[in-house]
Amino acid sequence: MNKLIEPSRILMVRQSLEGFPVLPVPEGFALRWYEPGFEEHWLSIHLAAEKEIPITPELFTRRFGSDPAVLAARQCYLFSPDGIPVGTVTGWLDPEFEGAPHGRVHFLAVAPAWQGKGLAKVLMSSILQRLKKLGPPRAYLATSSNRLRAIRLYLNFGFTPLAKTGEAQALWQEILRAIELGPHKSVPSPLPFPAGGAA
Ligand SMILES: CC(C)(COP(=O)(O)OP(=O)(O)OC[C@H]1O[C@@H](n2cnc3c(N)ncnc32)[C@H](O)[C@@H]1OP(=O)(O)O)[C@@H](O)C(=O)NCCC(=O)NCCS
């Protein structure tokens, strides 16, 4: 079975929360953290961007709870110059991932009309800065094997495959080969990054 067509859950880890790219918010855009009511923005962005899993208000509550203070610390949004919410990502905390505390990059999405403009990189940079402040020494994320754009982005941000079984390693070889053969031609090296500095 082709796992890139039949998606499998895959994991990536970043062994430290140092040295990631610090990118500026593009001129005219605004980065804002969760405020009550932003659930609507989360839903509209994910409903537009997400093709694989059902996006519902219940999913938001199931994954993130409903404590506004927690969400304000961990969930950010990018607004376009016209004030449209166009992207979001959440930084979760997992005290017991692989037996140790990790930050988790969770539910990254950019609305299709705004993709390909570098906005996901800005969201990744922002959420890693926030996770670093929140204190876990490392970060991880889960995604699926067919999300090659996202995987390429994560590789670029210094996340590496967590593949503990032969099956997972074989799948990762397939993924990396697919990324190599894709429009960007080669797997990017994690650093340096085009703009801004490094944390
Ligand atoms: C993945 C996603 C967040 C990327 O958002 P984006 O704003 O378009 O991404 P950016 O423009 O910041 O590009 C970031 C990187 O993504 C990758 N990427 C973006 N578009 C790509 C494309 N058409 N082909 C290959 N890689 C691509 C590249 O690595 C790119 O960096 P580069 O241009 O320096 O090579 C967006 O496509 C999305 O929301 N997808 C649906 C939801 C999803 O899959 N989320 C991830 C869940 S784990």
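Me: Which element gives the largest share of the shell around the ligand?
Reply: That's α5, with five residues in the shell. Keep in mind that this is a predicted model.

Me: Which elements give two or more residues to that shell?
Reply: Those are β6 (100-110), α4 (119-134) and α5 (148-156).

Me: And how many residues surround the ligand, and which are the closest?
Reply: The count is 22, and the closest are V110, Q115, A120, T143 and R152.

Me: How do the shell residues divide by type?
Reply: Nine are nonpolar, seven are polar and six are charged.

Me: OK, switching to the core. How many residues are in the largest nonpolar one?
Reply: It has 38 residues, and V89, L119, L123 and I127 have the most contacts inside it. The elements giving two or more residues to this core are α1 (39-49), β4 (75-79), β5, β6, α4, β7 (138-144) and α5.

Me: Which of them gives the most?
Reply: α4, with eight residues in this core.

Me: What does L119 touch, beyond its neighbours within four places in sequence?
Reply: L119 is in contact with L78, V86, G87, V110 and W114.

Me: Let's follow V86 then. Where does V86 lie, and is it buried or exposed?
Reply: V86 lies in strand β5, which covers residues 85-97. V86 counts as buried because 25 C-beta neighbours fall inside 10 Å, and the cut-off for buried is 20 or more.

Me: What does V86 touch, leaving out residues up to four places away?
Reply: V86 touches I45, L78, F79, S80, V110, A111, W114 and L119. Take W114: V86 and W114 are 28 residues apart in sequence, while their C-alpha atoms are 6.7 Å apart in space.

Me: What about the whole chain, how much of the contact count is between residues 24 or more positions apart?
Reply: Among contacts with a separation of 6 or more, such pairs account for 76%. As for burial, 29% of the 199 residues count as buried.

Me: New topic: the sheet. What's the strand order?
Reply: Seven strands form an open sheet in the order β3-β4-β5-β6-β7-β1-β8, with mixed pairing. The edge strands are β3 (30-33) and β8 (160-162), each pairing on one side only. From one strand to the next, the twist averages 30°.

Me: How many strands and helices does the chain have in total?
Reply: Nine strands and six helices.

Me: Where are E98 and F107 found?
Reply: E98 is in the loop between β5 and β6, whereas F107 is in strand β6 itself.

Me: And why is E98 called partly exposed and F107 buried?
Reply: E98 has 13 other C-beta atoms within 10 Å, so it is partly exposed. F107 has 21 within 10 Å, so F107 is buried.

Note on methods:
Residues are numbered from 1 along each chain as its sequence is written. This is a predicted model: local features need pLDDT of at least 70, side-chain atom pairs count only at pLDDT 80 or more; totals for chains, interfaces and linings use all residues. Helices (H or I, at least four residues) and strands (E, at least two) are DSSP runs, numbered from the N terminus. A residue is buried if 20 or more other C-beta atoms lie within 10 Å of its own, exposed if 12 or fewer, and partly exposed in between; C-beta atoms are placed from the backbone. Two residues are in contact if their C-beta atoms, placed from the backbone, lie within 7 Å. A residue is near a molecule or strand if its C-beta atom, placed from the backbone, lies within 6 Å of it. Ala, Val, Leu, Ile, Met, Phe, Trp, Tyr, Cys and Pro count as nonpolar, Asp, Glu, Lys and Arg as charged, and the others, Gly among them, as polar. A nonpolar core is a set of buried Ala, Val, Leu, Ile, Met, Phe, Trp, Tyr and Cys residues joined through C-beta atoms within 7 Å. Two strands pair if DSSP finds at least two bridges between them. Axes are lines fitted to C-alpha atoms, for helices over the stretch in contact, and angles run from 0 to 180 degrees between N-to-C directions.
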